[in-house]
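Here is a short report on side-chain packing. It covers nonpolar cores, ring pairs and charges over rings.

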Amino acid sequence: MAVRVDIQGVGVVEFDDSFAKLSKQEQQDLVNQVANSRRTPGASASAAKTEGRTETDTEYLRSALQGILFGFGDEAEGLAFGIYDAATKGKSFKQAYKDARDNARKEIEQFREDDPMAAYGTEVLASLPTALFGGAGLARAGISAGKGLGAAVGRGAVEGATYGLGAGEGDVADQAGSAVLGGATGAALTGAVGGVLRSTVAPAPTKAAQNLMDRGVKLTPGQQSPNSVIGMVDQAAGKIPSIRAAQMQAIPEFNRAAMNEALEGIGKQVPKSLEGGDILMFGREAFEEAYDALKKDIEVPDLNSVKLSGQQILNDVNQISPKAAKKLQKEFQTLLAYKGMKMRTRLDGDLFKEIDSRIGKRAAAYQRQAQMGQNVDAADIAQGMFALQNNLRNALVGKTPVATTKLRMTNQSYGKFKIVQDAARRAGGEFSPARLGQASKAADLSPSKRASAEGTARMQPLAQAGKEALTAPPDSGTPFGAAAFMGAADPNVALRLGAAGMLSPIYRPLSRGLLGTARMGRAGIEAGAPAVGGLLGSEFAR
């Protein structure tokens, strides 16, 4: 015969007939066990003994569900049990949902009172995946988009308000108040905690640094976030040869990124294995191929204007020395003698390609002489030849609208290539961001160089990003060239340079890995702020 016992705080519980056979102490222990388990009215003692998980499992699972569902775990439990009870116990869904939801809230609150660290900790930790994925979704939707602290605070406000709404109890007004407080607290916590972490051990990259990293330039912590504590440590360590060498490894990557920007218009990209002069050679060959592909659909209708520009190049004594101008004049005369060029007034695509290729090869030959120090005037001659090639290409027109569009894009890209080429010429090889900026300004044809003043000249944004983020190499020549020269005569210097060469490849990936790990930790901590804010908001709203 079943025994019914009214347990305070729980309600009437029905036990099987074995309950009557127990001693009073055993009966009391069993009643206490049921009372402590805080099960819904009607649960049996046998169910408490045979269920596959303990009461602590249930409490942790319920708190975890609350976190995963961003405060709506109690509503979800109410929905699930409401549907089941309405179908099996004859209750109305509205009443069944309310009973199950209120019971879930009571259980959650009791767990928080019994073990607040476990209850709140489980809930906040369980909320992290939802917060991280939710933040990414908000960014994709354009809500608080971005990567800075301000964007994180914005997402913290939205997610905190959502959690506050879910964690709130009572009527609509109560939950709305909880949402407002949750949003404000989530934003404040994200800003406070994130601000401290971003300025110390887990800084976000600057806008300039992010620009370079998006282009494949690998930066040390100091180059990524110079004003953070970890960044200042990295910068100070730059006095150590191996660290300095590691910081300098970004310069060849910057050169590659500059060339890749120039090649974007023709759909080419520099192989990662190329450096220095090989990058320039690849660029020249890429543009030769691009113009070759267009030669059937392009022409130079006004060759006389190109010839006139050649005379203007010779007369530009500010750019070319008199000795170089004399040699350059001979080069121009040789070109005019080729295939009756002196008498021609136009060029078809095929002949243009021949002339363009001859100019380019002669200019490249002089440039190599200049880089190897074989001819003091070679750099000026190469510059004049490249200028003539540029004028010839600018005189091209397309025979069809499609060819005109492709030609325009190719010419625009070639204009950027010329800036990169000039930067390399100014540096005598591998160039710094400052050299690229100088070349960009020199190529600015806007009135009073207005584009350069506004920061919008071709290649200027990349050059400016490099100036802000990178450790600059020497103003000319190959980085560490002077130091290598000293090392040849001083064994101590040579030893330090050797150590730098061995340690620098290790420092960059190691330091970036540590910084990346710190940022992942910071992201996790920031992601917990909305849940904490929502929970506090619901408490404040009571």
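## Charges over rings

A charge sits over a ring if NZ of Lys or CZ of Arg is within 6 Å of the ring centre and within 35 degrees of the ring normal. The model examined here is predicted. R393 lies over the face of Y414, at 4.1 Å from the ring centre. R358 is placed over the face of Y338, again with 4.1 Å to the ring centre.

## Nonpolar cores

The largest nonpolar core holds 70 residues. Which of them touch the most other members? They are L212, M259, V300, L392, F431 and L436. A second, separate core has 8 residues, including I7, V13, F19 and L30.

L436 shows who its partners are once neighbours within four places in sequence are set aside.

## The Y60–F111 pair

A search of the whole structure finds 8 aromatic pairs. One of them joins Y60 and F111. Their ring centres are 5.4 Å apart, with 75° between the planes, and the pair is edge-to-face. Y60 lies in helix α3 (residues 55–68), while F111 lies in helix α5 (residues 93–114), so the pair ties together parts 51 residues apart in sequence.

F111, at 4%, counts as buried.

Y291 belongs to helix α14 (residues 277–294) and F352 to helix α17 (residues 349–371). The pair links distant parts of the chain, 61 residues apart. Both Y291 and F352 are buried.

Which residues do ring pairs link into a cluster here? The cluster consists of F287, Y291, F352, Y414 and F417. Y414 also has R393 over its face.

Q389 is found in helix α18 (residues 378–394). Why does Q389 count as buried? Its relative accessible area is 4%, and buried means under 20%.

Residues up to four places away in sequence are not counted in the next list. Q389 touches D356, I359, G360 and Y414.

Terms used:
Residues are numbered from 1 along each chain as its sequence is written. This is a predicted model: local features need pLDDT of at least 70, side-chain atom pairs count only at pLDDT 80 or more; totals for chains, interfaces and linings use all residues. Side-chain values use heavy atoms; hydrogens and water are left out. A nonpolar core is a set of buried Ala, Val, Leu, Ile, Met, Phe, Trp, Tyr and Cys residues joined through side-chain atoms within 4.5 Å. Buried means under 20% relative accessible area, exposed over 50%, partly exposed in between (1.4 Å probe, protein chains only). Contact means heavy atoms within 4.5 Å. Rings of Phe, Tyr and Trp (its six-membered ring) pair if their centres lie within 6.5 Å; planes under 30 degrees apart count as stacked, over 60 as edge-to-face and the rest as tilted. Helices (H or I, at least four residues) and strands (E, at least two) are DSSP runs, numbered from the N terminus.
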